[in-house]
Amino acid sequence: MNTETLLKSILIVSFGGAFLTYILGKISRVLREIFAVLTGIFVVVFSLMLYGKTGTFIYAKNFLGFSLLVSINNLSWLFLITLSVISFLSVVFSLTYIRGHERTDFYYLMLLLVNAGMAGVVLSADLISFYIFWEIMSWSTFLLISYNRGAALSAGMKYIIMSVVGSAAMMIGIISIYTTYGTLIISEISSQRLSLPPGYILFLFILFSIAFGIKNAFWPFHIWLPPAHSEAPSPFSAVLSGILIKMGTYGFLLIMYVIFGMKVFLELGSSFFSFHNILCWLGAITVVIPTFTALLQYDAKRLLAWHSIGQIGYIIIGISFGTSLSVAGGIFHFINHATFKALLFLTVGAVEYRTGGVRDLNSLGGLIKKMPITFIGALIGALGIIGVPLTNGFVSKWIIYKALILEGNSFLAFAALIGTWGTLLSFYKFLHNIFLGQLSEKYKNIKKAPFCMQFPIIIYSLIIILFGILPGIVLKVINTILISFGFESLNVTIWGIASESGILNTINIFTAIVIVVIAVWIISRLGAKTRLVAQDDNYAAGSYIPKEKYNFTAAFYKPMTRIIGPVLKDIINNFYLILGRGTSAVGNGIRKVYTGDIGYYVIYIILFLAVLILIKVGFKL
Amino acid sequence: MINVTIVKVLEFIFYPFIAFVIGIILMGLFRKIMARIQRRYGPPLLQPLIDIIRFFSQRTVSHGKIFSFGVILALAGSLVVLLFIPFGKICPLCGSGDLLLILYLMLFTPISIALSGGEGANPNISIGVSRKLMLSLGYEVPFLMIILSVMSFYKTTSLVEIIKYQQNYHWAILNFPLVIPGIAYILILPAMMGVRPFDVASAPQEIASGPVVEYGGKFLGLNHIEHAIHMFIGIALFIDLFLGGGPNIGFFLVEMFIVFFIAVFINAMFPRYRVDQAIKYLWRWPSLLAFIGLVLVRIPVKF
Amino acid sequence: MDRGQLSKWFKHPGIMAQKYSLWAVYFCTGCGIIEVPPSITSRWDAERFGVMPAPSPRHANLFMITGYVATKTLKAIIRTYELMPEPKYTVAFGSCPINGGMYWDSYNTIKHIDKYIPIDGWIAGCMPRPEAIFIGVTKLWMMIDKGAATGYKRYRENYEYYRKNQEKLFGKLPWPPLFPIEDKNEKLTV
């Protein structure tokens with residue numbers, strides 16, 4: 001199959017598969033599930049077959065006077081393979097998760113439509129199809145966030161209002177580009193090197209940043225993310241946090257490095273207030289503040305959602321900083337964050353499924369004995385997001401830190417480094433309150449997670465460890481992307497990056513850790529034998545305390561909460577609320593003009609005519 | 001070529017033993033000096049070794065697989081960090097990782113103890129671990145700024161190069177902008193080593209030793225070994241970053257004992273801070289000094 | 001004190017280590033605990049012999065029953081004793097654990113603690129002074145050397161006897177038996 005057929009068939013299969021699943025689902029449930037999985041698998045297979053190919057093809061002539069194109073290059077391929085794998089694994093997960101809920105066919109339709117929309121966004125080569133697929137992706141997301149009704153409705157409303165504002169800004173930007181460049185095809189725009197006034201470029205950048213920033217949810221635009229991600233159904237939260245917000249990153253990469261080019265982007269503005277520096281600092285604030293806000297949460301999915309915002313900060317710092325190492329780190333961190341955030345949301349989904357919808361951290365505990373594979377998945381995901389060596393999160397964070405330190409920008413590096421410790425604290429709380437501690441009597445009889453849920457968890461864990469030990473697999477592809485942007489290439493090997501000052505050699509680290517663990521295990525065998533006891537055979541100052549009453553989960557970090565709680569009030573949320581209320585008040589004021597009494601309307605008409613006559617007479621004078 | 005490999009393999013095997021012996025002597029010296037300050041004789045110098053042998057001969061209980069494996073992983077984590085820290089001229093794995101890797105490998109031990117303690121299912125453990133993590137966050141804020149100022153000053157992230165620069169010129173702590181982070185490091189050294197006034201994580205009287213309350217025989221022995229190695233690592237990192245790293249082992253040991261005495265004397269003087277008092281202190285003066293140091297280091301560099 | 005004799009350390013490291021690192025559970029059982037803080041502080045320093053207070057019974061191998069044992073305290077003593085890892089040694093202070101002592105006719109105290117917990121050594125006095133405590137510890141060392149401090153083995157072998165006594169006193173105990181008790185009724189059907 002040549003490239004053109006592959007590209008067009010990805011679009012056809014993903015869209016057609018969505019509608020076919022919906023229609024066939026009306027007949028039987030099994031058919032619907034089979035077709036959903038088949039659609040997912042085909043998109044993954046086609047994406048894999050597109051590796052290394054490039055090309056641009058027209059797929060629709062004369063749509064409102066424009067021709068729409070699809071294209072594939074290394075950047076699109078990376079995003080495409082990530083989104084297809086994550087969507088496919090979420091579909092597999094939701095086979096058991098969503099069974100028995102109402103309106104399941106609607107769920108599958110929306111899930112596959114989101115998949116198709118995202119595929120379209122990364123494959124589109126001109127701005128009209130980009131916008132169309134962006135919109136399809138956005139509103140199907142909205143419909144799926146509100147799937148659970150109840151509190152999810154207001155969450156969805158918050159999301160769609162902000163998303164519509166972003167799309168409107170993007171539309172203005174697209175029209176503006178059309179009037180300047182005369183064409184909407186991305187490759188043609190980037191090849192025309194017009195020299196535009198910097199104010200105009202700044203205007204375009206700000207418009208697109210609003211659009212992509214709202215989708216990407218970094219610091220001033222983040223308020224839609226916590227309610228949306230926590231109220232959505234769990235497999236879809238995995239897709240949301242994993243890949244949907246990264247569409248904003250794709251947009252940023254497009255405008256920064258593809259459309260306008262690296263030189264224009266990095267020279268916009270003067271030294272401290274340059275655009276990329278302000279983006280870096282917004283990214284730094286995004287790392288620190290939401291990560292510590294996540295410490296205060298006691299709802300498992302809200303904690304994960306705030307961490308999504310935090311990790312996006314790393315990606316933004318990476319891609320805005322402008323050196324080849326940092327952009328590599330940013331793109332690699334995007335892939336890594338997709339894997340471990342999806343893994344964590346899926347484990348919370350499995351726990352929710354088995355305990356009947358409980359995700360309150362204060363009331364769970366001790367589930368490690370009942371759901372061991374889910375615990376291992378959550379553990380690897382948590383280790384990945386903290387950035388423990390041997391996981392892929394460590395490699396990407398290491399690259400970003402090196403880039404920041406080598407350029408001498410220590411304050412950004414400090415903000416990035418302190419995010420790790422906030423992550424460590426919150427994920428220990430997450431793991432401890434769900435899996436460790438004493439098992440409550442309520443959950444004595446829950447079973448392990450079903451195979452459909454274990455399969456994605458195992459696959460993600462393997463990917464995290466594989467990319468942690470052999471990061472060169474991904475770094476080679478990222479290297480080609482960097483060269484296409486115009487950066488210098490990195491010295492990448494299968495086990496890491498070698499540069500002049502400080503290298504990373506993951507194979508040596510892995511071997512050293514394995515040898516040391518075996519040595520310590522041999523030492524520990526020298527000790528006397530131990531026997532296994534029940535959990536309630538525990539030190540309780542001489543008393544015997546039954547299981548239920550001997551667990552510590554509530555107010556886990558109370559002294560820290562007392563210190564940082566008052567500082568982390570969500571002022572941005574209040575700002576948006578005031579903005580909303582102000583708009584509503586202005587609207588209410590204007591509405592008073594329409595009283596409904598015809599006498600007033602007659603007076604308005606007469607007054608307006610009088611003003612017109614006065615203007616006409618006035619000009620004559 | 002073969003000689004270098006054999007030397008490296010020998011270093012890989014014997015460096016943990018040397019560090020363990022030095023750690024045991026440091027722990028024994030700790031108890032002896034505290035006893036002498038309190039006007040009594042103390043236990044013999046090798047008492048920690050006797051304790052460890054006794055621990056290994058006791059038959060104790062375990063609460064689960066993660067409980068047993070977590071202690072092993074904690075000791076393994078400390079040993080792996082040890083292999084990356086230069087000790088005089090000995091440094092087995094310095095060519096494979098830099099200071100950032102050391103920072104991140106130091107996360108293995110708290111996470112492993114936290115996980116194994118979590119399966120211990122005792123609220124004392126959970127409270128102890130949460131206090132330990134909060135205290136770690138407290139001292140990490142100035143510690144990261146200190147490390148960043150050293151790395152920015154020497155424009156490298158590799159510990160071997162930092163030591164090389166210091167031995168060619170002079171110690172980092174005698175360098176003008178770096179003396180302020182050096183003082184900040186001395187201020188947070190008790191927190192990093194877990195001695196009073198910052199030993200709230202393993203408070204024997206309050207939470208029955210916190211994370212180690214359910215560890216019995218061999219687990220407690222492994223934990224003691226890890227404590228010994230952790231003491232070694234804590235002081236060795238300070239000496240490598242600020243006191244020149246020692247051109248040979250003897251000089252390194254002398255510097256180590258001097259820094260250790262400072263920590264013991266502070267431990268003897270102070271009572272214990274609560275967690276929020278400790279965090280407020282750590283985020284106030286040491287952080288301020290480290291921040292000033294970071295700003296001063298960066299002034300010649302363009303923002 | 002043969003702590004310095006290296007050959008003994010190489011021949012029996014376990015026994016030597018158990019002698020010279022006796023950590024006592026810091027459980028204040030009765031009125032005798034008033035004599036323990038002086039013996040671990042500066043004047044009569046017990047740490048030079050390796051005796052240290054341990055906050056958790058899981059770390060300890062010496063259990064000092066200091067003074068009278070009330071019935072409520074006995075439950076905590078049994079629980080703490082069962083939490084300790086083997087090998088462990090118990091020493092009873094004063095005359096109350098031996099035969100009731102001053103409270104020989106009280107409804108609330110235990111007169112013969114040996115029925116519920118195995119005791120390795122007894123120290124006479126009401127309360128024994130720190131010097132008597134040190135002599136007791138020295139005698140315990142000699143017993144450990146000879147292999148005569150076998151209280152924990154007695155507990156394991158005669159666990160049924162101890163458990164029966166405990167249950168006669170307290171009724172049904174909320175914690176399960178420490179060692180498996182074979183069911184006598186099964187043997188009869190042969």
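This is a predicted model: local features need pLDDT of at least 70, side-chain atom pairs count only at pLDDT 80 or more; totals for chains, interfaces and linings use all residues.

Reader: What makes the pair of A:Tyr257 and A:Phe485 stacked?

Author: The ring centres of A:Tyr257 and A:Phe485 are 5.0 Å apart and the planes are at 20°. Ring centres have to lie within 6.5 Å to pair, and planes under 30 degrees apart count as stacked, so stacked it is. A:Tyr257 belongs to helix H11 and A:Phe485 to helix H20 of chain A, 228 residues apart.

Reader: And why is the pair of A:Trp134 and A:Phe212 called edge-to-face?

Author: There the centres are 5.3 Å apart with the planes at 75°.

Reader: How do you know that the charged end of A:Lys215 sits over the ring of A:Trp134?

Author: The charged end of A:Lys215 is 5.5 Å from the ring centre of A:Trp134, and the distance limit is within 6 Å. There is an angle condition as well, within 35 degrees of the ring normal.

Reader: Why is the link of B:Cys91 and B:Cys94 called a disulfide?

Author: Its S to S distance is 1.5 Å, and the cut-off is within 2.5 Å, so B:Cys91 and B:Cys94 qualify.

Reader: What makes B:Cys94 buried?

Author: Its relative accessible area is 16%. Buried means under 20%, so B:Cys94 gets that label.

Conventions:
Residues are numbered from 1 along each chain as its sequence is written. Chains are lettered from A and ligands numbered from 1 in the order in which they are written. Side-chain values use heavy atoms; hydrogens and water are left out. Buried means under 20% relative accessible area, exposed over 50%, partly exposed in between (1.4 Å probe, protein chains only). Rings of Phe, Tyr and Trp (its six-membered ring) pair if their centres lie within 6.5 Å; planes under 30 degrees apart count as stacked, over 60 as edge-to-face and the rest as tilted. Helices (H or I, at least four residues) and strands (E, at least two) are DSSP runs, numbered from the N terminus.
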